[in-house]
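I opened this entry to keep track of what I looked up, one topic at a time.

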Amino acid sequence: MGFLRRSNAGILGRGKIAVEFPIMEPIYVESFITPAEAQALLATAQSLPWTRGKFRGRPVPREEVWIGPYSYRFSGRTLAPAGWTSEIAAVRERIRAQYGGAYNSVLLNRYLDEDDSVSWHSDDEPEMDPTHPIASLSLGAPRVFRIRLSGTKDDAQSYLLTSGSLLVMPPGFQQAYEHCVPKSTTACGTRINLTFRRMKLPGEA
Ligand SMILES: O=C(O)CCC(=O)C(=O)O
């Protein structure tokens, strides 16, 4: 079941080769961990060293924590790595056991309420391993997650990411699509999202 426009064929002139867009479906698992596990993980994650960074001089509409092999530079800011907690390391192991992957880092985002958000972007910094999936675990208030083909203004697909759910974006996904979590139109409480990634290590091209 492909959810994105399959091709731009038909809009090209004579003699032009139609380039097929890749159809890549994320894996969405609604109850990867139980509600009780999600609640417990959310409670422990609250005491991480959260910071609200700035982008172009303005506070970003969410708080962040970075756990990884080195500092993460993106969108005009640099996050120094915090240490792995046993709870987050245990979830990483459960993702690896079920879906594979050699995740060596995780970016955590905390959305305090409906006004926090993340705008359209791809997780495609040069340090990120594009041959590796990104696994996104959600805790707390459900929020809408949107995906569209990069370079378009179309909303291709929306997911409601509920507490304890896991969305695995396959390798290459970030190069083809972008995603966002818009402000919520209804009041909501705190949500924490963990995106497990693999960063290239020194010496890797
Ligand atoms: O909160 C989310 O579900 C998305 C987070 C995100 O876009 C990111 O970490 O790059």
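I began at the end of helix H2, where Gly100, just after the helix, takes a positive phi of about 80 degrees. The model is a predicted one, and I read every value below with that in mind.

I then checked the length of H2, residues 86-99. Its 14 residues at 1.5 Å each should span 20 Å, and the end C-alpha atoms are 20 Å apart, so the two agree.

Next I asked which residues of H2 are buried. They are Ile88, Val91, Arg92 and Ile95. These residues lie on the same side of H2, because they cover an arc of only 100 degrees around the axis. On the face turned away from that buried side I found the exposed residues Ser86, Ala89, Ala90, Glu93 and Ala97. I also looked up what covers the buried residues of H2; the cover includes helix H1 (35-45) and strands S4 (63-67), S7 (105-111), S9 (134-140), S12 (166-169) and S14 (191-197).

From there I moved to the largest nonpolar core, which has 33 residues. Val106, Leu108, Ala135, Leu137, Leu166, Leu194 and Phe196 touch the most other members.

The ligand came next. Around the ligand I listed Leu107, Asn109, Val118, Asp123, Ser136, Phe145, Leu161, His179, Val181, Asn193 and Thr195. By class, this shell has five nonpolar, five polar and one charged residues. S7, S13 (177-181) and S14 each supply at least two residues of the shell.

Most residues other than glycine have a negative phi. Arg56 has a positive phi, near 50 degrees, and sits in the loop between strands S2 (54-55) and S3 (58-59). Is Arg56 buried or exposed? Arg56 is exposed, since 7 other C-beta atoms lie within 10 Å, and the cut-off for exposed is 12 or fewer. Ser75, also not a glycine, has a positive phi of about 45 degrees. Ser75 lies in the loop between strands S5 (72-74) and S6 (77-79). With 13 C-beta neighbours inside 10 Å, Ser75 counts as partly exposed.

Last, I noted the totals. The protein chain has three helices and 14 strands, and buried residues make up 30% of its 205 residues. Of the contacts between residues at least 6 apart in sequence, 72% join residues at least 24 apart.

Key. Residues are numbered from 1 along each chain as its sequence is written. This is a predicted model: local features need pLDDT of at least 70, side-chain atom pairs count only at pLDDT 80 or more; totals for chains, interfaces and linings use all residues. Helices (H or I, at least four residues) and strands (E, at least two) are DSSP runs, numbered from the N terminus. A residue is buried if 20 or more other C-beta atoms lie within 10 Å of its own, exposed if 12 or fewer, and partly exposed in between; C-beta atoms are placed from the backbone. Two residues are in contact if their C-beta atoms, placed from the backbone, lie within 7 Å. The expected span of a helix is 1.5 Å times one less than its number of residues. The arc is that of the directions from the helix axis to the C-beta atoms. A residue is near a molecule or strand if its C-beta atom, placed from the backbone, lies within 6 Å of it. Ala, Val, Leu, Ile, Met, Phe, Trp, Tyr, Cys and Pro count as nonpolar, Asp, Glu, Lys and Arg as charged, and the others, Gly among them, as polar. A nonpolar core is a set of buried Ala, Val, Leu, Ile, Met, Phe, Trp, Tyr and Cys residues joined through C-beta atoms within 7 Å.
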